[in-house]
Each structure stands twice: as C-alpha cells, then as structure tokens.
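Please find below some numbered remarks on the model under review.

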Amino acid sequence: MTDAAIPRFTGDASPYAGGDPYADHRTADFPFTHLVDLADRRLGAGVIAANDEFFAERENLLKPGPAVFDPEHFGHKGKIMDGWETRRRRGVSAAEPHPTPDDHDWALVRLGAPGVIRGIVLDTAHFRGNYPQAVSVEGASLPGSPSPEDLLAPDVKWTTLVPRTPVGGHAANGFAVDAEQRLTHLRINQHPDGGIARLRVYGEVAPDPAWLTALGTFDLAALENGGQVEDASDRFYSPATNTIQPGRSRKMDDGWETRRRRDRGNDWIRYRLAAQSEIRAVEIDTAYLKGNSAGWAALSVRDGEDGDWSEVLPRTRLQPDTNHRFVLDGPVRVTHVRIDIFPDGGISRLRLYGSLTDEGAAGLAARHRELGG
C-alpha cells in the first residue's frame with residue numbers, strides 16, 4: 001500500500017445550500033478501514049489536551065458515527081460545529097497581520113489500545129470554509145498513563161506519521177501510514193487553525209506481553225488483547241469487529257447482525273488471536289438481539305495458518321438476548337477461531353478465555369521488541 005494510492009482532496013467545498021449536508025461530501029474507499037480503529041472511545045481512547053478549542057470541543061474528534069450538521073445551531077460564540085474547531089489565528093501586528101508559517105494548533109490523543117498504525121482519516125465534514133489549510137500527525141510511545149505535560153516534555157520522541165499536507169474542506173482526508181512502531185499517543189496538528197470533525201486511526205493492536213502474562217487467564221479474542229477479525233461472511237447491518245469490543249453490547253447495532261438468508265447456507269466470522277494460546281472456556285452473547293439472534297452456533301479452531309480446522313463446540317442452540325457460557329473438556333491450543341451461526345442473524349460478543357502458550361508468549365515478546373516496546 002502506497003500513499004500515492006490514496007485519493008487527495010484540497011480546497012473549499014461549496015457553501016451549504018440546503019438538503020442533505022453529506023450530498024457533496026468528498027470521500028473514498030480507503031484500503032485500511034477494515035482494520036480496528038485504535039482511537040475508538042470504546043477501547044478507552046481520549047483527546048487529553050488541545051492548545052485551543054474556542055469554537056468546538058476537542059472531544060468531538062472521537063465521537064462515534066459521522067458528524068452532524070444543524071444549519072440553525074448557533075451559540076454565544078458563533079456557529080456550533082460537531083468537531084474540534086479553533087479560533088482564527090492572527091499575526092503579531094498591523095504590519096504583520098497573518099500567522100507565521102510555523103503557527104499551528106494541536107491536540108493530543110491517547111489511543112484506546114497501543115498498536116501499529118496503518119492509516120489515518122481526518123474528516124473535515126461540514127467544515128467547508130473553516131478547515132485547516134494543512135494537517136500533520138506525529139506519534140509517540142510512552143509507558144503507563146502519561147499526562148499532557150509528560151507528553152509535551154522536550155525529551156519525548158515524536159515520529160512523523162503524516163507530514164504537513166494540504167487538505168480539503170468537507171472531505172474525508174485519508175493517509176496511509178508506513179511506520180512499523182508500537183504507538184500509544186498521537187499529536188494532531190492543523191496549520192494554521194480551523195476545524196476537523198472526526199479522527200479515525202486504523203491499525204493493529206500490539207498488546208504488552210508482560211501485562212498479558214501477569215493476567216494469566218484473559219479474553220484471548222478481545223481487541224484490546226490483540227485479537228482481530230480476519231474475515232466474515234456478511235457485514236450488512238454491522239461490523240464483525242463489534243463482537244470483540246470491550247464490555248457487553250448496549251444496543252442492537254453494537255453487535256454483529258447479518259442480512260436474512262434465502263438460501264441453505266450459514267454465516268460465520270474467522271478470528272486470529274494475538275499469539276498461540278490455550279482456550280478453556282467460551283462465551284457467546286446475543287444481548288439485544290431478540291428477534292434476530294442466531295438460531296445455533298458452532299465453534300472451530302486451528303493451530304497455525306495451515307492447520308486443520310477442528311470443532312470444539314458442536315452446533316448448539318442459542319437463546320435471544322442471552323449470554324451463553326461453555327467450559328471446554330480440556331485446554332485447546334489455537335491461533336485461529338471460527339464461529340459459524342445457523343442459518344443467519346447475529347451475536348453481540350464472543351469471549352474466549354484462556355492463556356498464552358510458552359511459544360505464543362515468546363513470539364509476542366519478540367514482536368514487542370521489534371516494534372520498539
């Protein structure tokens with residue numbers, strides 16, 4: 001994947017003229033959006049500081065869903081925007097009224113899970129004439145829970161992920177990232193000022209092997225622990241990645257639901273664990289899926305990319321809006337897991353409880369070192 005393959009948008013969008021505000025939104029199918037959003041609030045991401053948020057709060061950057069536009073929504077500071085918007089920068093005097101080339105606004109973002117970033121989207125939806133002229137993004141990796149002051153210390157090493165690049169208004173500005181590093185925080189810069197509606201940071205979770213080893217038994221499929229969805233038969237109503245998000249589902253679209261089948265087949269999701277592991281117990285949750293939950297489910301596993309699939313949980317009846325728990329007959333060594341549901345419908349969460357094998361722990365530790373952890 002090269003950055004040259006990513007569409008670029010520059011310049012103003014037309015002023016809003018009524019109707020659907022997204023009708024003229026400029027966007028594209030970026031090649032990395034199937035990956036997990038490392039800046040998802042559900043994973044614990046947050047915008048922990050910004051130098052300016054005069055018109056619109058920094059926290060809006062990570063809100064789920066697209067930005068909302070209400071042309072009649074004004075407050076005492078002016079137009080209320082669903083994004084992060086700073087005031088207009090000015091020069092130092094009447095003789096020099098313009099900002100300098102180095103003037104810019106910034107926001108610090110804590111990723112919900114440390115990881116390797118493959119792509120970033122900075123969406124300026126509804127910022128038609130008040131978007132930044134250019135943006136840049138830097139990444140850093142710090143242990144623990146650093147404060148904004150810690151991150152802004154002069155000895156912190158920041159790596160450029162997106163160089164200063166012109167962007168367009170009312171557009172999803174996507175950037176491929178080629179930095180094989182484990183990152184924990186981002187610094188989003190807009191030059192010289194303006195507004196950004198949404199930030200999405202796509203990549204792969206890189207868990208801390210020392211933490212997982214200390215836990216002993218944990219959810220091997222969870223996104224925050226390095227589990228990921230490799231493929232799924234259907235993503236019509238909601239993404240399969242929802243099934244390994246933190247916590248229980250709180251509404252129907254917070255799980256995975258497929259379209260109604262009109263053939264004799266079935267739907268499925270295939271997962272890859274962070275490393276080789278031993279599974280001992282399974283949870284299949286259908287929370288909030290009441291008239292549309294899967295009727296039955298079966299679980300199969302394999303060890304290695306070329307291993308044979310073997311069934312560890314035979315086809316089992318599922319109840320709507322219910323958390324189902326299963327203890328396996330003994331530990332099962334796996335790297336990949338597949339859940340089949342029959343015939344269609346959905347599940348909200350899949351939990352796989354167990355621990356890393358010695359081989360898995362060693363491989364994860366080696367990868368951690370490669371990424372600078």
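1. The protein has three helices and 21 strands, where helices (H or I, at least four residues) and strands (E, at least two) are DSSP runs numbered from the N terminus. The model is predicted: local features need pLDDT of at least 70, side-chain atom pairs count only at pLDDT 80 or more, and totals for chains, interfaces and linings use all residues. Residues are numbered from 1 along each chain as its sequence is written, and side-chain values use heavy atoms, with hydrogens and water left out.

2. Along the principal axes, the C-alpha atoms fill a box of roughly 80 × 50 × 35 Å.

3. Of the 373 residues, 53% count as buried (under 20% relative accessible area, with a 1.4 Å probe and protein chains only). The largest nonpolar core has 67 residues, of which Ile117, Ile120 and Ile284 touch the most other members; such a core is a set of buried Ala, Val, Leu, Ile, Met, Phe, Trp, Tyr and Cys residues joined through side-chain atoms within 4.5 Å. Leaving aside neighbours within four places in sequence, Ile284 is in contact (heavy atoms within 4.5 Å) with residues including Ala297, Leu313, Phe326 and Ile339.

4. The largest pocket holds about 1,400 Å³ of space. A pocket here is an open set of points on a 1 Å grid over the protein atoms alone, where a 1.4 Å probe fits, with protein on both sides within 12 Å along at least five of seven lines; lining residues have an atom within 4 Å of a point. Asp37, Asp40, Arg42, Arg200 and Tyr202 are the closest to the pocket's centre among its 49 lining residues. Strand E12 makes the largest contribution to this lining, six residues.

5. The second largest pocket has a volume of about 670 Å³. Its lining comprises 26 residues, and Pro114, Gly144, Arg182, Thr184 and Asp208 are the closest to its centre. E6 gives the most to this lining, with five residues.

6. Beyond its neighbours within four places in sequence, Ser300 is in contact with Trp309, Ser310, Glu311, Val312, His336, Val337 and Arg338.

Methods. Points joined across faces, edges and corners; volume = space filled by probe spheres on them. Buried < 20%, exposed > 50% of the residue type's maximum accessible area, 1.4 Å probe, protein only.
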